[in-house]
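Trainee: I would like to learn how to read the aromatic rings in a structure. Could you take me through them step by step?

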Amino acid sequence: MARNFELLFDSLGHFGRYQAWIYFTAAFQSISCGIHYLASVFLAVTPKFVCGVLGNVSSVLIYNSSVSRIEDAWTLWTSTQSYMLVQLENGELWELNQCSRSRRADSLDFTYEYSGNKTDFTCTDGFIYDRTKWQSTIVTEWDLVCQREWLAKLTQPTFMLGVLFGAVIFGDIADRTGRRHIIWFTSTGQFLFGVAVAFTFDYYSFVIVRFLLAMVSSGYLVVVFVYVTEYVGIKYRTWASMHIHAFFAVGVMIVALVGYVANSWWIYQMCLSLTTVPFVLCCWMLPETPFWLLTEGRYEEAQKVIDIMARWNKVSNPCKVSELCSLQGDLVSSTTGDNDRSPMKKHNILDLFRYWHIARRTITVWLVWFTGSLGYYVFSLSSVNLGGNEYLNLFLMGAVEIPAYVIACIGMDRLGRRNTLIPFLISSAVTCALLMLIPQDFRVLNIIANMVGKFAIGVAFGLIYLYTAELYPTVVRSLAVGSGSMVCRVGSVVAPFCVYLSSVWIFMPQMIVGIVAFVSGLLTLMLPETLGKPLTNTWAEAIELGASSSRTGKTSPSSE
């Protein structure tokens, strides 16, 4: 916000009772965002499966072990390259593979090894799934295996595609119509679409509803960062904005806990969606931010919000809008070539490239967003494949984020935003390199190393939200965070495919994350420091932020 509008917090308090109520109410809904973002980890689980066969099974043989039911055979079937030999009550013998089946000509030779004639068939009679751990997933519900396996793999990328669209769309709308209306709409949408997902009747309706859910979840997460940033003063802004991510991490841990308890995908989805209910019931009480109202020239409404803040915070003489505007008018009149303060002026994504200083800043910030998202989801999605208990692995990947944000806050307040971001980006690249040297059978060490990588990338991912908000003026702040989040979701869309590349080379995901993290760390050196500086309101102030940083570094402003 404008430099003199920041005096509002000196009068009302940087984090009084009113801001605390606003903050925790708005931040609570971020739990739901974390839930929906990672829900597909267990929604799209593919259990063990073989081709189905018509008829009642009387006996199952796997190598030298025999059982009477297929349900009891899954513990014996340890390799998907082998087949199950089943005998039906009518005497037929079938070799059941994952994507094919064969009927033996000799129905009397009930031995595993067979060299006689047999007839091959496709899986036209469906599939038989191991329901020991999961009674149903979307894979078992709609047979997303074999030729339809790619549909299951598209579940997370299509969700992230919706997140991409939601980030830029709702970020732009929030700058035009206000933060409050978007928070109302997106929080209600999360509940309605979250419940609707559980009642989808086929794969395509599932994907469409999840896409809409992704849009509103992303829209909420983008706008809530700007919302709390504009309600909290400089003294507490770092901790307040960073711990929005802590609520998101709690959502990731809830995914692991609910996944462990619920064994049907629609029950799992319903349980996750119900976490939205408390916020939906109270989100209508959240007011618009006085910063946005002042920027739009709605001074009477801004004064009402300021008065309410004063009563809650027990301030007897709150500042007046007329005083703030008078000071701001003096500041603006002293600058030239800046016509961006008009309430009628509307901005779009091209404005993020309107000046060379801002364009270079935008490119670097976007790359950091991409890197943080790519690394975050590569580590998260890979956690269920590290061996051991997949629920515990995901829970740990969520839990490690909380101390990461605490460390990040301390570093951001003492070292600065840029000086904290750079070493953690570089350290995540180093961790990826070390992961390539750890033998795969060292399971515990691999999990610890992945947690360290998630810790480092989590700091960078959490920090960039606040850093982006501080690098741009109020007139495009939501748009800047939204566009960054859009680029970030490109990384989220790429991340699942990056994980799939482990089938080409097991360390391919780590190599890709390591390279982009290293490059991002180097480019971040060009960004200005924002620690202790007021939020900017005009383009001139935003450009001056970079110019002053350059002068501090003994670089001429003209060289910018």
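Trainee: Which residue lies over the face of Tyr376?

Mentor: Please keep in mind that this is a predicted model. Here Lys454 lies over the face of Tyr376, at 4.3 Å from the ring centre. Tyr376 also belongs to one aromatic cluster, which it forms with Tyr37, Phe159, Phe248, Tyr377 and Phe461. In another case of a charge over a ring, Lys153 lies over the face of Tyr500, at 4.9 Å from the ring centre.

Trainee: How many aromatic pairs does the structure hold?

Mentor: A pair of aromatic rings is described by the distance of the centres and the angle of the planes. The structure holds 36 aromatic pairs. One of them joins Tyr23 and Phe24, whose ring centres are 5.2 Å apart; because their planes stand at 80° and an angle over 60 counts as edge-to-face, the pair is edge-to-face. Tyr23 is buried, with a relative accessible area of 5%, whereas Phe24 is partly exposed, at 47%.

Trainee: What angle lies between the planes of Trp142 and Phe206?

Mentor: The angle between those planes is 55°, with 5.7 Å from centre to centre, and this aromatic pair is tilted. Trp142 lies in helix α5 (residues 138–142) and Phe206 in helix α9 (residues 203–229), so the pair ties together parts that are 64 residues apart in sequence.

Trainee: Are Trp142 and Phe206 buried or exposed?

Mentor: Trp142 is buried, with a relative accessible area of 12%, and Phe206 is buried too, with a value of 0%.

Note on methods: Residues numbered from 1 in each chain as written. Predicted model: local features only at pLDDT ≥ 70, side-chain atom pairs only at ≥ 80, totals over all residues. Heavy atoms only, no water. Phe/Tyr/Trp six-rings, centres within 6.5 Å; stacked < 30°, edge-to-face > 60°. Buried < 20%, exposed > 50% of the residue type's maximum accessible area, 1.4 Å probe, protein only. Helix = DSSP H or I, 4+ residues; strand = E, 2+ residues; numbered from the N terminus. Lys NZ or Arg CZ within 6 Å of the ring centre and 35° of its normal.
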